Each structure stands twice: as structure tokens, then as C-alpha cells.
Amino acid sequence: AALVRCDDVARTYGSGPAAVVAVHGLDCHVPPGARIAVVGPSGSGKSTLLHLMAGLDRPTAGKVSHPGIDGADADTLTRHIGVVFQGPSLLPPLTVAENVALPLRIDGVPETEADDRAQVALARLELTELARRLPDELSAGQAQRVAVARVLARRPRLVLADEPTGQLDRATGRQVLAILLGTAQELGAAVLVTTHDPRIARALDVRWYMADGRLIRPEAGDGGDDRT
Ligand code: ADP
Ligand code: ADP
């Protein structure tokens with residue numbers, strides 16, 4: 001079953017004449033293991049779609065459901081859906097290893113196991129040498145890799161990444177994305193990445209296009225794969 005599905009979803013901000021329709025008429029779903037890029041210009045509704053899929057925001061019309069995630073209450077959703085934002089948003093007083101272990105501790109994972117899983121995630125992202133550093137001491141690319149490690153340590157079934165390379169130079173962005181995709185594949189997690197950069201989108205298997213709050217399918221019924 002789909003990890004997330006949107007049925008005729010809309011999200012409007014504000015009301016009356018000043019209302020902004022951020023997204024509307026969205027019909028889509030993310031199957032297990034899918035690797036999808038959501039491509040569109042700034043303001044086209046990509047972040048709104050991602051927040052709705054993550055359960056961080058609610059639609060003003062239509063339905064967002066998570067049929068493939070059992071007992072999809074808010075806590076279960078946070079455990080199974082990992083979200084990577086544009087900036088790494090690490091907690092400055094905590095070391096890299098502590099930042100990665102913290103969500104696991106919040107999930108109720110015992111300290112030793114949380115530390116072990118954090119170490120495994122850091123090793124996957126080639127961050128072992130940086131485990132004791134503080135976020136201030138990292139480059140932007142390193143910090144974003146830590147944010148990816150923090151999400152993957154929870155072994156999510158779906159990773160939603162909102163312009164994860166937006167603050168990185170092109171080479172570093174490519175590297176972070178490649179590591180994100182490789183690790184997600186090892187875990188069997190589905191990945192959906194928003195980007196305004198078609199070159200980044202090429203790294204994914206399927207591309208969905210957004211414009212003015214709508215998803216545009218290149219060709220209906222073909223699953224959205226626009227490779228030729
Ligand atoms: P993207 O991620 O593609 O840049 P967004 O989903 O952030 O697009 O924004 C879609 C539209 O919704 C834009 O017109 C944006 O200005 C508007 N919008 C987004 N968030 C808010 C908000 N909190 N309040 C009002 N308007 C918003
Ligand atoms: P169904 O109607 O079979 O339940 P959907 O209509 O939600 O499924 O989607 C059909 C296929 O199109 C799926 O593979 C879905 O992932 C894909 N898809 C959904 N939205 C888009 C889009 N904007 N661009 C390309 N493919 C899409």
C-alpha cells in the first residue's frame with residue numbers, strides 16, 4: 001500500500017480576498033521504495049505538498065492518508081516519515097553524535113542502543129571522525145549530512161527532503177543527495193525530494209512537476225517517469 005496518498009488535496013492560507021491557494025487538486029501517491037523528485041519553481045507549492053505528506057500540516061480540502069503505515073497517528077508518522085529541511089537545524093549545544101541520537105531517545109530507544117544506531121548512521125554517511133564535534137565546527141555540507149544521518153538513524157520508511165541541497169554548492173549538493181539516496185536504498189526507504197533544479201531531479205527515478213500549486217503529469221498513466 002502507498003506510504004502516503006493525496007486525494008484531491010488543497011491547502012489555502014488565509015481567507016477571503018487575501019487567501020493564497022498554495023496547492024489544489026493534488027492526486028498522487030508514493031509507493032514503498034519509490035524515488036521521486038518534485039520539481040518546480042519557487043512558490044509552486046512543493047514545500048506545502050511535503051508538509052502535508054509528512055503530517056506537519058493539514059489540508060483545507062481533500063484527504064491525505066498513509067495507508068501503508070499502520071496506525072498512522074501523529075507519533076507513528078514521525079517515526080516512519082523522516083523529514084530533511086533545507087537548513088540542517090542541528091541543536092548547537094549537542095555534539096554531532098548527540099544530535100543524531102536525540103530523536104531515537106525521544107522515541108524511547110534505550111541509551112546504549114540509540115548511541116549504537118547513531119554510530120551506524122554516522123558511519124554510513126562517513127561522519128565517524130566528526131562524531132564529537134559541535135555543529136558550529138562543521139561545513140555546510142557536513143552539517144547537512146548530519147541532518148540526513150539523524151533522519152536515517154530512525155530507519156524511516158519514507159524520507160521527505162525539502163530542497164535538501166538548496167544551501168550547498170553544486171558539487172557538495174550532489175554528494176549529499178547521492179549519500180541520501182544510497183542510504184535510503186539500503187534501508188528500503190522511499191524518498192521524495194523537492195527541488196527547483198532539474199539537474200538535481202535527474203538523480204531520482206521519477207519526476208513530478210509542479211506549477212501554480214498543481215501537479216502536472218508529463219503523461220497520464222505512465223507513473224510519471226519522463227525518461228525517454
Ligand atoms: P515552494 O516550496 O514551491 O517554494 P511553497 O509551498 O512554499 O512553494 O508556497 C506555495 C505558495 O503558498 C506560495 O505562493 C507561498 O507564498 C504561499 N505560502 C506558503 N506558506 C505560506 C504561509 N505560511 N502563509 C501564507 N502563504 C504561504
Ligand atoms: P491511482 O489513481 O492508480 O490510485 P494516482 O492517480 O495517484 O494512482 O497515480 C497514478 C501514478 O501516477 C502513480 O504511479 C503516481 O505515483 C503517479 N503520479 C502521481 N502524481 C504524479 C505527477 N504529478 N506526475 C507524474 N506522476 C504522478
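**Exercise 1. Find how many salt bridges the structure holds, and look at the surroundings of three of them.**

Step 1. The count is eight salt bridges, where a salt bridge is a side-chain nitrogen of Lys or Arg within 4 Å of a carboxyl oxygen of Asp or Glu. Before going on, keep in mind that this is a predicted model: local features need pLDDT of at least 70, side-chain atom pairs count only at pLDDT 80 or more, and totals for chains, interfaces and linings use all residues. Residues are numbered from 1 along each chain as its sequence is written, chains are lettered from A and ligands numbered from 1 in the order in which they are written, and side-chain values use heavy atoms, with hydrogens and water left out.

Step 2. Take D205 and R35: their closest N and O atoms sit 2.9 Å apart. This pair ties together distant parts of the chain, 170 residues apart, with D205 in the loop between α7 (198–201) and β8 (206–211) and R35 in strand β3 (residues 35–39). Helices (H or I, at least four residues) and strands (E, at least two) are DSSP runs, numbered from the N terminus.

Step 3. Check the accessibility. R35 is buried at 15% relative accessible area, while D205 is partly exposed at 29%; buried means under 20% relative accessible area, exposed over 50%, partly exposed in between (1.4 Å probe, protein chains only).

Step 4. Now D197 and R199, whose closest N and O atoms are 3.8 Å apart. Shared partners join R170, D197 and R199 into one salt-bridge network. D197 is buried at 13%, and R199 is partly exposed at 44%.

Step 5. Finish with D7 and R5, bridged at 3.4 Å between the closest N and O atoms. D7 has a relative accessible area of 30% and R5 has 32%, so D7 is partly exposed and R5 is too.

**Exercise 2. Work out the strand order of the six-stranded open sheet, and why one side of each edge strand has no neighbour.**

Step 1. Reading across, the order is β5-β6-β7-β3-β8-β9, with mixed pairing; two strands pair if DSSP finds at least two bridges between them.

Step 2. β5 (81–84) and β9 (214–216) are the edge strands, each with a single partner, so one side of each is left without a neighbour in the sheet.

Step 3. Zoom in on β3 and β8, which run parallel over four bridges. In that neighbourhood, A37 has R207 of β8 as its bridge partner.

Step 4. α1 (residues 46–54) touches β3, β5, β6 (158–162), β7 (190–195) and β8, and its direction makes about 155° with that of β6. α6 (residues 170–187) touches β3, β6 and β7, at about 160° to β7. Contact means heavy atoms within 4.5 Å; axes are lines fitted to C-alpha atoms, for helices over the stretch in contact, and angles run from 0 to 180 degrees between N-to-C directions.

**Exercise 3. Decide why α1 counts as largely enclosed, and see what follows the helix.**

Step 1. Seven of its nine residues are buried, so α1 is largely enclosed by the rest of the structure. Those buried residues are K46, T48, L49, L50, L52, M53 and A54.

Step 2. After α1 comes G55, with a positive phi near 80°.
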